[in-house]
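Me: I'm new to this one. Could you pick a single part and walk me through it closely?

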Amino acid sequence: MKKIFGAKKDKGPPPSIQDATERINKRGETVDEKIKKLDEELARYKDQIRKTRPGPTQEAIKARAIRLLKHKRMYEEQRNMLYNQTYNLDQVAFAADGLKDAQQTMNAMKAANKELKGMMKTVKIEDIDNMQDEMTDLMDVSNEIQETLGRSYNIPDDVDEEELMGELDALESDMEFESAAVPSYLQSEPDFDADLNLPAAPTRPAAVPAGGQQEDELGLPGVPRASLRS
């Protein structure tokens, strides 16, 4: 039976959008080449019509040019149709790519949702609240320990600051009273020379007169040593 009717041929995969687009583009290129050749021939006929005189020869050339123009319009229509098909295929390809992207996005979101559900099973809000409460208690205990270690043993806790300020004012009054009770002659005099930082007065050497009698520091005649001994 297979020899008579023949066996069914296995059908190959259907052409993809990209394959169809490439095939249409090749056909469009072929049509563009044909239109380019027709334009060259029309330019040559146009030159011949301009060079020939009116008559049967010119009319024959015009008829050929008109026939080429009809072929050119036919090819242009085919090219426009191919362009429309390419445009439609591009739209379909764009829509297909959009659906593929949406499908991948949905798969990724499903996987992420499943992973989040598994993580939420291991994390409980109650455990987080309990941990926060324990951390707060530990911080309070730590602060109490620090305050206890930093406590001073000499200064009582119930010290009144106003009372301390009053004692400070009384101490200053006692110091002023003691300084006023000391007599002026017992108080040390200020050294004005030291404050002014003046240089010391120069000393003049004792002058010896012509008679051999010396003078003292005040310029008076000095007393001889013999008289001092007697």
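Reply: Helices here are DSSP runs of H or I with at least four residues, numbered from the N terminus, while strands are runs of E with at least two. With that in hand, look at Thr 21, which lies in helix α2, residues 17-51. This is a predicted model, where local features need pLDDT of at least 70, side-chain atom pairs count only at pLDDT 80 or more, and totals for chains, interfaces and linings use all residues. Residues are numbered from 1 along each chain as its sequence is written, and side-chain values use heavy atoms, leaving out hydrogens and water.

Thr 21 counts as buried because its relative accessibility is 13%; buried means under 20% relative accessible area, exposed over 50%, and partly exposed in between, with a 1.4 Å probe and protein chains only. A polar atom of the Thr 21 side chain lies 2.8 Å from the backbone oxygen of Ile 17. Leaving aside residues up to four places away in sequence, Thr 21 touches Thr 86, Leu 89 and Asp 90, where contact means heavy atoms within 4.5 Å.

Now widen the view to the rest of α2. Its buried residues include Thr 21, Ile 24, Gly 28 and Val 31, and the buried residues of α2 pack against α3 (56-122). An α-helix has 3.6 residues a turn, so residues three or four places apart point the same way.

As for the whole protein chain, there are seven helices and zero strands, and of its 230 residues, 7% count as buried.

How values were computed
A polar contact is a pair of N or O atoms within 3.5 Å; within protein, one must be able to donate a hydrogen and the other to accept it, and residues adjacent in sequence count only if both atoms are side-chain atoms.
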